[in-house]
Every structure is written in C-alpha cells, then in structure tokens.
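Please look through the structure shown below. The report that follows goes through some of its local features in turn.

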Amino acid sequence: ADHQRAYRPIVGGISCGPGQGSLAGTLGLPLVYKDGKPYLLSNAHVLAPYDAREGAEIVQPARLDGTGSRIALLRQWSSMVPGQPSKLDAAIAELTGDAKPELLGLGSYREIVAPSLGMAVLKSGRTSAVSSGQVTILNVAVQVQYSQGLVLLVDQIAILPAILLPGDSGSAIVEQGTNRVCALGFAASDRMAYATPIQTVLDEFGLTLTPPGLPVQEALAEIAGKYLTVWGFNNRTKIWASYSPGLPDYVNALKRLAPKQAFWLELAGDARFQGEQIFRGWNLVCYR
C-alpha cells in the first residue's frame, strides 16, 4: 500500500502534517476520544511545529507528499523545552472528517497494553510502511534534537531494530498478533527506535480508545423487538446514519448512541423508554 497518498476515511500509518510548511510525519492513531469528541494522535513535532497555534489545520497527506486537504484542527500538544525533562512527544487534533480505527497494513485496533521486555511489536508508517521489532529496554532516557533544541525524554521504551525512519515519526506501536496499542513512536538512532508508552499519552490528554455511549442494540435493549429503525445525525460530518435490527453490521452506519444524543426512533407499537412513554411510528428521543 502507498502510505503517502490520500485516504478517506483516514486510517493510521499514513502521511500527515501541518497545513503550513513542509513537515511530514505519520498519523498514529486516527481515532481516539476526549470529552466525547473524536481526535487523531501523532507526535508534537509532526503536528505542532515550534510556532504552532491552536486551531491550525492538519492535512493528509502532508504538503511534502502532495496536495493534502484538511482532516483535523490542532488542539493540544506536549511541551518539549530544552534543558527540561519531558515524558512525551505527542499532539492531538480534533477531527473534521471521517476516520476508521485501523492502521494501514495491520488492521483495526481496539485495546491498549503496557509494553513489556521481549514483546514483539509492529508499526505502520509513512516512510517504511509495516515493520517489526522487539521491545528491548524499558524506562530509558533519550536525547532528541528538535527544532527548538536538544530535549531529554524520560521513561520511554527502546525497540530493536530501528523500525522508524525519517517520516515514520508518530507511528503507533502495536503488539504483534493482537494489534493492542502499546506505544507511540517518535525517534530512532542507527540501532534503536524510541517510543512513549501509550498509557502515558492517554493520561496526558485524557483520551480513550472507546467512543462515548453504547452500541445501538445495547442502548435500546429495554425496547428490543419493538423498534424498526433508528436515525441519528452526526454533527461533525453533517451526515444522517441509520440502524435497523437484523441487518448486517456493515449496512448499519449508525453504530452507537452517546449520552444526550437526540435521534429518531420508529416503533412498531407503543412502548416506554427510559421512563418515558413513546408511541407507534416516529418519535424524537434523547438518549440519557
């Protein structure tokens, strides 16, 4: 697969960068969540150059790789100050388009796992695509030369061989065989690659891999067998999506109902939902 071309919906392991300038790196996790909103995750030095501002456009592919278009708006990034130890090189951007929780060439990711000595890992990156390695050192400190100067990153992991080439920065590191996310790659030497344990990154920004709410079938369990169709509106993509019980998952575009989300519900007969009376036909309901 070509990791430097445009992908819609976006996935992980592909080219991305700021809308201004010629920086190019890897989109690590295309879909994480903060306060109920979807974000993408990569390195700070990929998405947020030294003079970055909140709300700046993130494009895919990076300008260096072609005519990229906006996929997200920069929201938060780690502060890396020369002379001061840092625990991560990471940034998040709020999505403005569709994304799938997948890594190009590796498939979907659903969970996280703490890195451990000897763990076999994989990464999908803009430059060197899919490559494999092994976690060889835990709690390592490494100095990295950034545009603002030499920064010391502590409590990192080291991976042999050096599975990150220039442009692979930001790649998600996953456990081989499970695709559980264990780290976020940010740099490499001639021999080793370096990455931040994923829990450190999630804690820093208050992120989760799990979207808010519940699967539609689970959210509407108390009226199972009584409803025919559900329609919900995505305020981010401005698209209506539907769910009908009995249809295959790939047909049902509406996957989950989030707290305080309003949706249209078609009933086969009168029913009660969340303590409220609803009636045969169409009802506008707010999921609590």
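Is Gly118 buried, partly exposed or exposed? The model is a predicted one, and in this model Gly118 has a relative accessible area of 38%. Buried would need a value under 20% and exposed a value over 50%, so Gly118 counts as partly exposed. Gly118 sits in the loop that links strand 10 (107–108) to strand 11 (120–125). Apart from neighbours within four places in sequence, Gly118 is in contact with Gln134 and Val135. Gly275 is 157 residues away from Gly118 in sequence, and the C-alpha atoms of these two glycines are 53 Å apart in space.

Which residues of helix 2 are buried? Among the residues of helix 2, Ile198, Val201, Leu202 and Phe205 are buried. These four lie on the same side of helix 2, because they cover an arc of only 95° around the axis. The buried residues of helix 2 pack against strand 15 and strand 16, and also against strand 4 (29–34), strand 5 (37–42), strand 7 and strand 8 (91–95). After helix 2 comes Gly206, with a positive phi near 70°.

## Backbone angles in the loops

Most residues other than glycine have a negative phi, and most peptide bonds are trans. The table lists backbone angles that depart from this pattern.

| Site | Feature | Angle |
|---|---|---|
| Gln60 to Pro61 | cis peptide bond | omega near -5° |
| Leu160 to Pro161 | cis peptide bond | omega near -10° |
| Asn179 | positive phi | phi near 60° |
| Lys260 | positive phi | phi about 70° |

Where do these sites lie? Pro61 is in the loop between strand 6 (57–60) and strand 7 (69–77). Pro161 is in the loop between strand 13 (149–160) and strand 14 (172–175). Asn179 belongs to the loop between strand 14 and strand 15 (181–188). Lys260 is found in the loop between strand 20 (256–257) and strand 21 (261–267).

Asn179 and Lys260 can also be described by their accessibility. Asn179 has a relative accessible area of 11%, so this residue is buried. Lys260 has a relative accessibility of 76% and therefore counts as exposed.

How do strand 18 and strand 21 pair, parallel or antiparallel? Strand 18 (residues 227–234) pairs with strand 21 in the antiparallel sense, over five bridges. In this pairing, Trp231 stands opposite Trp264 of strand 21. Strand 18 also pairs with strand 19 (residues 239–243), again in the antiparallel sense and over five bridges. Here Phe233 has Trp240 of strand 19 as its bridge partner. Strands of a sheet pair through backbone hydrogen bonds, either parallel or antiparallel.

## Aromatic rings

The structure holds one aromatic pair. Phe233 and Trp240 form this pair, with 5.1 Å from centre to centre and 55° between the planes, and the pair is tilted.

Arg5 is placed over the face of Tyr7, at 3.8 Å from the ring centre.

Technical notes: Residues are numbered from 1 along each chain as its sequence is written. This is a predicted model: local features need pLDDT of at least 70, side-chain atom pairs count only at pLDDT 80 or more; totals for chains, interfaces and linings use all residues. Side-chain values use heavy atoms; hydrogens and water are left out. Helices (H or I, at least four residues) and strands (E, at least two) are DSSP runs, numbered from the N terminus. Buried means under 20% relative accessible area, exposed over 50%, partly exposed in between (1.4 Å probe, protein chains only). Contact means heavy atoms within 4.5 Å. The arc is that of the directions from the helix axis to the C-beta atoms. Rings of Phe, Tyr and Trp (its six-membered ring) pair if their centres lie within 6.5 Å; planes under 30 degrees apart count as stacked, over 60 as edge-to-face and the rest as tilted. A charge sits over a ring if NZ of Lys or CZ of Arg is within 6 Å of the ring centre and within 35 degrees of the ring normal. Two strands pair if DSSP finds at least two bridges between them.
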